[in-house]
Amino acid sequence: MAISDADMIEAWRKVLTLSQLKSGEVVTVLTGPATHPQTLSTAMIAARGMGAIVNRLDLPPVNGEASLSRDALAFVGDTPLTGNPAGMAALKASDLVLDLMLLLFSPEQGEILESGTRMLLAVEPPEVLARLVPTMEDKIRVKAAAEKLKAAKEMHVTSAAGTDLRCALGEYPLLEEYGFVDAPGRWDHWPSGFLATWPNEGKSNGTIVIDRGDILLPQKSYVSEKITLTVKDGYVTKVEGGLDAELLQDYIDSFKDPEAWAISHIGWGLQDRARWSVLSLYDREQTIGMDARAFAGNFLFSLGPNTEAGGTRNTPCHIDIPLRRCTVRLDGEMVTRDGKVLDQVALAAE
Ligand SMILES: O=c1ccc(O)c[nH]1
C-alpha cells in the first residue's frame, strides 16, 4: 500500500531525530537512478525542516554490464565513488549522508565513515521504511545481544534440518544494525534490527542446510528443496541439492572468484516487526529483502566479502541467506532456540 508524503516526512523526522540530527548540520543525500523519488523528496523536506543544510549528490550507475542482477546488493565493492575524489570530498565534509544509492561493502564507505561522517542506508520502498521505522527499543535489544556476542569465542549453529556449523570469533568487530546513526562515524541501515559479526579467517567448519522456505538473497527466492553446504576452513567447498542448489552454484560460479565462496557475516535477526513471509508479497526487484534479513529469530549467514569488517577479502559477489528454525549458541549459551530469540533484553534486565 502506498504511503502519504506527510507520513513519510514524519517517518524521516523520527529517524533523523534518533540520528541526533542538529540544526545547522550538513546532510548530503546520495542518489542514483534507482532512488525512489518519494524517499528522496521526503528526506530532503524532513532534513531541511530540522534546520539542516541539505545537499544532493546524484551519481550515474556503474557495473550494470557486469552484474547479473539489478539488486544493488548483488554486486558490491566498486561504486560510482570509486576514483571519484570530488564526490568523496562532498561526503566526507558532510555530518550525515543519507545513502539512497547503496555504498555497502565498498572501501569508499569505510573512508567516509573514518572522517566522522554518519551514514544511513535507506533503499527499501517507502512503505517498508514507514512500517519499520526504528525505535530506541530496537537499539536496546540489539545492544543487549551485542554484549553476549562481543565476549564470545565460538558461534555454534544447529538445526533439525541438519545444520551444524562452528565458527571461531574474536578477530572482527560486530555489525550492530538498529536503523539509525546516533554517533559520529556510525553506519546503519533503515530498516534493520539484527546483529552479526565475521568468523575468524579460515575458522568456520561444518554443514549448513538451507531448508525448504529458507531465503536466498539477491535471488529473492524461498528454497523449495534443501541445499546442503559443506564448509571447510572458512569456505563453502560443496553445494548439494536440486534446482535451487544448481541455480545458486551457477550464479556464484559466474564470478569466477574463489573468495565468493567464503563465509561472510554471521548473526541473527532481532526485529519483531519484520516478517519472514513479506518477501512473498513483493516483486523481486521492488525490494532488497530487509524483512528477510531482520525477522526475529533467523540465523542470517552470508557469503563473500569481509572488507566491511576491515578484512581483505574483497569480492563483488555477496549472498545473504536467512535460515528459519536454527539454534544459535555462543560459547555454549543459546541466544536463539529453533528460530526463536531468547529475550536478551529481559535477561539483561534481570
Ligand atoms: O544491512 C545489511 C544488508 C545486507 C547485508 O549483507 C548486511 N547488512
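Strand 13 (residues 227-232) and strand 14 run antiparallel and are joined by six bridges, where strands are DSSP runs of E with at least two residues and helices are runs of H or I with at least four residues, both numbered from the N terminus. Within this pair, K232 has Y235 of strand 14 as its bridge partner. The model is a predicted one, in which local features need pLDDT of at least 70 and side-chain atom pairs count only at pLDDT 80 or more, while totals for chains, interfaces and linings use all residues. Residues are numbered from 1 along each chain as its sequence is written, and side-chain values use heavy atoms, with hydrogens and water left out.

Both strands belong to an open sheet of eight strands in the order 14-13-10-6-5-18-19-20, with antiparallel pairing; two strands count as paired if DSSP finds at least two bridges between them. At the edges of this sheet stand strand 14 (235-241) and strand 20 (340-341), each of which pairs on one side only. Helix 7 (residues 243-253) lies across strand 13 and strand 14 and runs at about 145° to strand 14, with contact meaning heavy atoms within 4.5 Å and angles running from 0 to 180 degrees between the N-to-C directions of axes fitted to C-alpha atoms, for helices over the stretch in contact.

A further open sheet has five strands in the order 2-1-3-4-8, and here the pairing is parallel. Strand 2 (53-58) and strand 8 (187-189) are its edges, each with a single partner strand, so one side of each is left without a neighbour in the sheet. Neighbouring strands of this sheet are turned by 20° against each other on average, direction ignored. Strand 4 (residues 118-121) runs parallel to strand 8 and is joined to it by three bridges, and M119 stands opposite W187 in strand 8. Helix 2 (residues 37-49) packs on the sheet, touching strand 1 (26-31), strand 2 and strand 3 (96-99), and its direction makes about 155° with that of strand 2.

Polar contacts, meaning pairs of N or O atoms within 3.5 Å, are listed below.

| Side chain | Ligand atom | Distance |
|---|---|---|
| E177 | nitrogen | 2.7 Å |
| H265 | oxygen | 2.8 Å |
| D320 | oxygen | 2.8 Å |

The protein covers 100% of the 240 Å² of accessible area that the ligand has on its own, as given by the Shrake-Rupley method with a 1.4 Å probe.

Note on methods. A polar contact is a pair of N or O atoms within 3.5 Å; within protein, one must be able to donate a hydrogen and the other to accept it, and residues adjacent in sequence count only if both atoms are side-chain atoms.
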